[in-house]
Amino acid sequence: MHNIKFFLLSLTAILFLSCSNSKLSKTTLTITKEDGKTLTVKVEIAKTPQERNFGFMERKNIPEGTGMIFIFENDQILSFWMKNTPHPLSIAYIDSKGKIRNIYDMTPYSLSPIVSTCSVRYALEVPQGWFHKNDVKIGDSVDISGF
């Protein structure tokens, strides 16, 4: 009987973890580069502490052209890591006016903190290299008017 209870508890935990972020709201962000050209990225929105803490953990596949925007209530120095995150990501830290202030690549499963260099309100995670491939740079703007 003990083994059955353990199995059911384990199964419940696995199902919770695999589905916990599948119901995040989604939107399309527009990024305007310094030359005026725009591009879009489809993102999931992580705005509650639980959603932000879980992020892309356990996700093995994050398609090109998609990402996750993390929304915070106040401007602050942000720090992210890749605990339990198998897919390589890039992160952009974005200030409250939508300006990209930092862009970093992150290593899967790394516990090393990736810290913004100034107070920011948002973080945008995408598959690693997406910013570089699309020539998105520090100083470009993200339309955050919907938040």
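**Nonpolar cores, sheet and pocket**

Of the 19 residues that make up the largest nonpolar core, Ile31, Val41, Ile69, Leu124 and Trp130 touch the most other members. At least two residues of this core are supplied by each of strand E1 (25–32), strand E2 (38–46), E3, E5, E8 and helix H3 (130–133), and the largest share, four residues, comes from E2. The model described here is a predicted one. Leaving aside neighbours within four places in sequence, leucine 124 is in contact with residues that include Leu29, Ile31, Val41, Val43, Ile69, Ile91, Ile94 and Phe131. A second, separate core comprises 18 residues, among them Leu24, Met68, Phe80 and Met106.

The strands are arranged in an open sheet of seven, in the order E6-E5-E8-E3-E2-E1-E9 and with mixed pairing. Because strand E6 (100–106) and strand E9 (141–142) stand at the edges and have a single partner strand each, one side of each is left without a neighbour in the sheet. Strand E5 (residues 89–94) pairs with strand E8 (residues 120–127) in the antiparallel sense over six bridges, and tyrosine 122 in E8 is the bridge partner of isoleucine 94.

The largest pocket holds about 300 Å³ of space, and of the 18 residues that line this pocket, Arg52, Asn53, Phe70, Phe80 and Trp81 are the closest to its centre. Helix H2 (49–54), strand E3 (66–76) and strand E4 (79–80) each supply at least two residues of the lining, with H2 giving the largest share, four residues. By residue class, the lining of the largest pocket divides into eleven nonpolar, four polar and three charged residues.

How values were computed:
Residues numbered from 1 in each chain as written. Predicted model: local features only at pLDDT ≥ 70, side-chain atom pairs only at ≥ 80, totals over all residues. Heavy atoms only, no water. Pairing = 2+ DSSP bridges. 1 Å grid on protein atoms, 1.4 Å probe; cavity = no way out; pocket = protein on both sides within 12 Å on 5 of 7 lines; lining within 4 Å. Points joined across faces, edges and corners; volume = space filled by probe spheres on them. Nonpolar A, V, L, I, M, F, W, Y, C, P; charged D, E, K, R; others polar. Core = buried A, V, L, I, M, F, W, Y, C linked by side-chain atoms within 4.5 Å. Buried < 20%, exposed > 50% of the residue type's maximum accessible area, 1.4 Å probe, protein only. Contact = heavy atoms within 4.5 Å.
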